[in-house]
Amino acid sequence: MARGRTGIEHLLRRAGFGASRADLEQFDGMSVSGVLDYLLNYEDQPDDVDTKIGNPSYVSILSRAGGFQPNSNIEDARQRWLFRMVHTNRPLQEKMALFWHNHFATAYSKIAGTFGVVQGTKLMANVSGQLPGPQGQLETLRELALGSFTDLLVAMAKDPAMLVWLDGRVNTRQRPQENFGREIMELFTFGVGNYTEQDVYAAARVFTGWNLRFIGGRDDPSNYYEFLYVPANHDPTEKTFTFPIYSNGSQTIPARAAADGMQDGIDFINALARHPNTARRLARKMWNFLVSEVVPPDDDTIGGAASAYLQNGTSIRSMVHYMLRSREFQNPGNWHTRYSWPAEYVVRAIKELGWTGFSIETARTALIPMGQVLFEPPDVAGWELGRGWFSTGAMLSRMNFAGTLAFNQRFNLARDAAAARQSPEALLEYMLDRLSPARYDSEPMEHLTTFLQTGGAWTGSDAQLQSKGNGLARLILGSSEYQFV
Amino acid sequence: MAVSRREFIRGGVSAFTIGFAAPAFLSDLARAQGALARNLVIVYLGGGNDALNTVVPYTDPFYYSRRPNIAVPAGQVLQIGSDGSGKALGLHPRLTGLRDLYNSGRLAIVQRAGYLNSSRSHFQGKDIWDTANPGLTESEGWLGRYLETVPLDPLSGWSATQELPRALLSSQVSVPAIPNAAGYGFSSFNAAEAANERATATRISSHLPADRPHLAFVNTSAQAAFATIDRVASASVYTGTVTYQNNGFALALRTVAEALVRGIGTRVFWVQFGGFDTHANEGNAGAGAYATLMGTFGDGVAAFCEDLRRRGPWNDTLVLQFSEFGRRVFENGSQGTDHGAGAVMMAAGGMVRGGLYGTAPSLDPNPANPTLENNGGDVRFETDFRSVYARVLDNWLGANSAAILGSDFRAGAPALV
């Protein structure tokens, strides 16, 4: 399947993790807007990707002693997530789950350090119904990936992992805890410049009593933590802010009986989610994620995306839809202008180069030196995106992952490239078609050709195809032209 | 064994390190190679270190009344005498190595470092310390700007953390991030083509398309990688005799020590570790989570300093520690502390003028107390952190601090070097 549908490939790199050859066949004959509808309305596709784990037609997973335990072992949870990114038929849902993981950046290590590794993994990644207790944070992010942002904020405020991460579990009226109250304004919604230190203190009081409870005995394997609103821990007095909380302009959350005090947090979240600066800040983040990190946000697009979000009840789907349909998104000048995140990079390389006989565990460990351990963002502000991914050490790690994957796939590659064995130029053309790098200028193209011509006459033998083919693939995957989506 | 001096130098010091246990000689040799000069090792404690539990005002009754659970008991602190205001101070009990360093006159402690209207945000705060610009109008880091003034070398800076800190950001100098020297290489399983792959990848990265600066940026990073792989590899095996703890911070310092001993020419190193955002469960009675952090910090720095003393570069090295803010004076309901203001900085090295600089705050919650702010909740800064930077730039690195920092901050700088 030749790559000729560059508009669809661009869409799949941004709204997904790239296109495998099977994906390209599936979408052959569809228009770009038809594929966009398919991606946006992902509920129409079955959510059965997990059932393919262990099937030899798919990328393999490493099963440790005790078996594959993605709900209770964090390394297995990472393998499962990467597997989903490679093989999901709901790529936009998975992509947005990754976006929200960075936005509500929560690190497993603090949860595990507080409650132990099994509870820590459950709180991050438990699939509803697989182990006792609430679903993990990632499952909530995935469930609400294109839902209402208000609902997503409420879900995060009640999320047990978040309650550990930002200390909400110990936020009480006797001693309010500022951590979550600060970050929900600074990082999760409208950002610095929109609130004061007094607002932080008031926000902390709003969420007093949003705590956790433990269900089950200490050594009971089915025990778990879940959200609980504790009226006795809630500060029932009024809270005044420097920005409007209610549609009538009132800046004060009234005093209420402690039993009804959870409404404080709902009112506060509603105000934050509907604040125009929240809409604009989200739109700018989406611009950088979906449209470009090189071209600065376009005012009309930001305004339009923010309006779409606000007019549809803080709808994330409306905002994403607006972005993906925008002229700036379609403009080929903006393609390949977003620095790929390490997780995107490894998944796309696997999808485009092949996975038969490759273990996703290799990708999981390779992500560590690339600077993106899933479920382990460096802090609550998430990863440093864009250029931040491309330190020298991280760049070497990408090149080395490319070498590992390409060498692993050398026999498959040589077999697939057999029809291009007649000349180095034909092999290069085949490989550039199979992968989807940005355009190469003539100078690096010459270096790639020279690579194929060096070391003896071209025979096109199987051995030469294997050796040169995997070398060429790793050079392309390790080049700057491949680091952008 | 007939080895000419020239071959000896070209082959590098590494092959001879075991044979010659003469640190001074090695250091001189490295100087002869033109590689070893004064260098700076930044230690960043991520998350906002609780300065009041690092350097404890153990005779201040408000310290105990406002921190009933998390205060370090007076009987446990490592006493280091009194500061200029006569306030008796003690180090956290897990900082024994630093106490020894202090007693030997090679540890300087700057109390109440900060700036006016201190940001309580981690991210703004870190950016301010990294750029030396509270207005946040500067995108380059203060160390990146310094590195622009030294001879161009792809290894003039070395970040031992995965993400390059903004402090080392420069539009002209690309600083490599080398969290693990042993993993810093270009590997190939494809034996027949390995050399060809590396040569081709190096050539590809030399292309800097002017019409696509983002590609050029990534290629610049790849270029810097290829230009530094071999030198970094020379520091990847530890050849010293000091036992470092088995944690990321200590092991990063160990690699830095090796790089210094090898004289590979790096001017500025960056080492950090996090976990200082202690909103909850700091620990009681000098034990617990905060004590663990102090142990990691103190033991790591002490091992590093001892290593440098034994192997030579001690007098060429300045360790400078900072954090983005100090924490609130009073503990919160979760036996932790929220974001505060005035911070503590430390400097260690063979040429450091040790001692206590600046004065400790009074922790009296009276709003009129001039050493506190935010209704007596936070420590007010006394020494502008930029004056410390200025002192280090001018008196240690021989640079022009006013040019690098954009203004003259020399007045009132602690004379720690």
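**Exercise 1. Helix α18 of chain A**

What should the 12 residues of helix α18 (residues 342-353) of chain A span at 1.5 Å a residue, and how far apart are its end C-alpha atoms? Work from the predicted model.

*Solution.* 
- Step 1. Take the expected span as 1.5 Å times one less than the number of residues. For the 12 residues of α18 in chain A, this gives 16 Å.
- Step 2. Compare with the model. The end C-alpha atoms of the helix are 16 Å apart, which agrees.
- Step 3. Check burial, with under 20% relative accessible area as the cut-off. In α18(A), 12 of the 12 residues are buried, so the helix is largely enclosed by the rest of the structure. The buried residues include the charged ones A:Glu344, A:Arg348, A:Lys351 and A:Glu352. Among the others are A:Tyr345, A:Val346 and A:Leu353.
- Step 4. A:Gly354 follows α18(A), and its phi is positive, near 125 degrees.

**Exercise 2. Two serines of chain A**

Find where A:Ser20 lies and which residues it touches beyond four places in sequence. Then do the task for A:Ser318.

*Solution.* 
- Step 1. A:Ser20 has 4% relative accessibility and counts as buried.
- Step 2. List its contacts. Leaving out residues up to four places away, A:Ser20 touches A:Lys351 and A:Trp355. A:Lys351 belongs to α18(A), the helix of Exercise 1.
- Step 3. A:Ser318 is buried, at a relative accessible area of 18%.
- Step 4. List its contacts. With neighbours within four places set aside, A:Ser318 contacts A:Ala308, A:Tyr309 and A:Asn312.

**Exercise 3. Salt bridges within a chain**

Which parts of chain A does the pair A:Glu361 and A:Arg64 tie together?

*Solution.* 
- Step 1. Side chains of opposite charge can pair when their charged atoms come close.
- Step 2. Start with the total. Over all chains, the count is 53 salt bridges.
- Step 3. Take the chain A pair. A:Glu361 bridges to A:Arg64, with the closest N and O atoms 3.2 Å apart. A:Glu361 lies in helix α19 (residues 360-370), and A:Arg64 in the loop between α3 (32-40) and α4 (74-87), so the pair ties together parts 297 residues apart in sequence. A:Glu361 is buried, with a relative accessible area of 10%.
- Step 4. Turn to α6 of chain B. B:Lys126 and B:Asp130 meet in a salt bridge at 2.9 Å, N to O.
- Step 5. B:Arg262 and B:Glu258 form a salt bridge, their closest N and O atoms being 2.9 Å apart.

**Exercise 4. The interface of chains A and B**

How many residues of chain B are in contact with chain A, and which element of chain B gives the most to that side?

*Solution.* 
- Step 1. Count residues. 52 residues of chain B contact 63 residues of chain A.
- Step 2. Get the area. The two chains bury about 4,800 Å² between them, 55% of it on carbon and sulfur atoms.
- Step 3. Count polar links. The interface has 25 residue pairs in polar contact, both residues being at pLDDT 80 or more. Five salt bridges cross it. B:Arg212 forms a salt bridge with A:Asp441, with closest N and O atoms 3.3 Å apart.
- Step 4. Name the elements. α6 (122-131), α8 (194-205) and α9 (213-233) of chain B each give two or more residues to the side that touches chain A. α9(B) gives the most, with 11 residues.
- Step 5. Sort by class. That side of chain B has 20 nonpolar, 21 polar and 11 charged residues.
- Step 6. Trace a network. One network of salt bridges links A:Glu178, A:Arg182 and A:Glu197 with residues of chain B, among them B:Arg120, B:Arg328 and B:Glu373.

Methods: Residues are numbered from 1 along each chain as its sequence is written. Chains are lettered from A and ligands numbered from 1 in the order in which they are written. This is a predicted model: local features need pLDDT of at least 70, side-chain atom pairs count only at pLDDT 80 or more; totals for chains, interfaces and linings use all residues. Side-chain values use heavy atoms; hydrogens and water are left out. Contact means heavy atoms within 4.5 Å. Buried area is the accessible area (1.4 Å probe) that two parts lose on being put together, summed over both. A salt bridge is a side-chain nitrogen of Lys or Arg within 4 Å of a carboxyl oxygen of Asp or Glu. A polar contact is a pair of N or O atoms within 3.5 Å; within protein, one must be able to donate a hydrogen and the other to accept it, and residues adjacent in sequence count only if both atoms are side-chain atoms. Buried means under 20% relative accessible area, exposed over 50%, partly exposed in between (1.4 Å probe, protein chains only).
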